[in-house]
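The following exercises concern a predicted model. Each task is followed by a solution in steps.

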Amino acid sequence: MLEFYFSYCWVLKRLRNGALGGEMDRLAEHFFTLGYKRASAKIYLSQIARFSQFAATRCGRMPIHQDVVDSYLCTFTTDSPRIGAASALGHARRVAPERFITSAPRVDDPDTPLLTSFSDYLRKVRGLEPKTREGVLLGGRCIFQTIVSMDFTAS
């Protein structure tokens with residue numbers, strides 16, 4: 001089904017490699033069935049293939065854990081591509097749920113009270129909707145993880 005969207009053999013080979021390579025034809029069929037325009041489906045398939053290459057370096061052919069998805073989304077420095085990638089990965093989760101490990105919320109996460117308080121602030125004071133708050137919290141968590149991982153003693 002990928003041949004409907006892509007014609008070059010090296011592009012097809014790249015799309016079919018990676019952690020989600022075996023599901024790419026199913027994903028192409030999914031977009032075709034939903035009636036996505038060719039250009040939109042190609043963008044989604046390319047984003048999923050890029051994630052698939054990233055996930056292959058982290059977990060190979062094993063099921064993909066949420067930490068891998070989060071670390072991939074943290075590689076984007078701006079919101080727009082991060083949202084697009086998250087949307088594409090949402091399609092991948094719906095089509096191939098067996099390839100993803102859904103993790104239960106961490107009970108021992110020390111940042112939970114801070115994130116809950118910040119989410120309440122975003123809802124009450126800023127008036128943000130749930131999905132928008134999730135995006136802001138994801139960005140905040142990525143920035144926090146970057147700051148924590150920095151080594152300030154090396155100067």
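**Exercise 1.** Determine what share of the contacts in the chain with a separation of 6 or more comes from residues 24 or more positions apart.

*Solution.* Take the contacts in the chain with a separation of 6 or more. Then select those between residues 24 or more positions apart; they account for 63%.

**Exercise 2.** Describe the secondary structure of the chain and the order of its elements.

*Solution.* Begin with the totals: the chain has 7 helices and 2 strands. Next, read from the N terminus, which gives the order α-α-α-β-α-α-β-α-α.

**Exercise 3.** Is glutamate 23 buried or exposed? State also where glutamate 23 is found and which residues it contacts beyond its neighbours within four places in sequence.

*Solution.* First, locate the residue: glutamate 23 is in the loop between helix H1 (9-15) and helix H2 (24-34). Second, apply the cut-off: buried means under 20% relative accessible area. Glutamate 23 has 11% relative accessibility and therefore counts as buried. Third, set aside the neighbours within four places in sequence; glutamate 23 is then in contact with Ala96, Glu98 and Arg99.

Technical notes:
Residues numbered from 1 in each chain as written. Predicted model: local features only at pLDDT ≥ 70, side-chain atom pairs only at ≥ 80, totals over all residues. Heavy atoms only, no water. Helix = DSSP H or I, 4+ residues; strand = E, 2+ residues; numbered from the N terminus. Contact = heavy atoms within 4.5 Å. Buried < 20%, exposed > 50% of the residue type's maximum accessible area, 1.4 Å probe, protein only.
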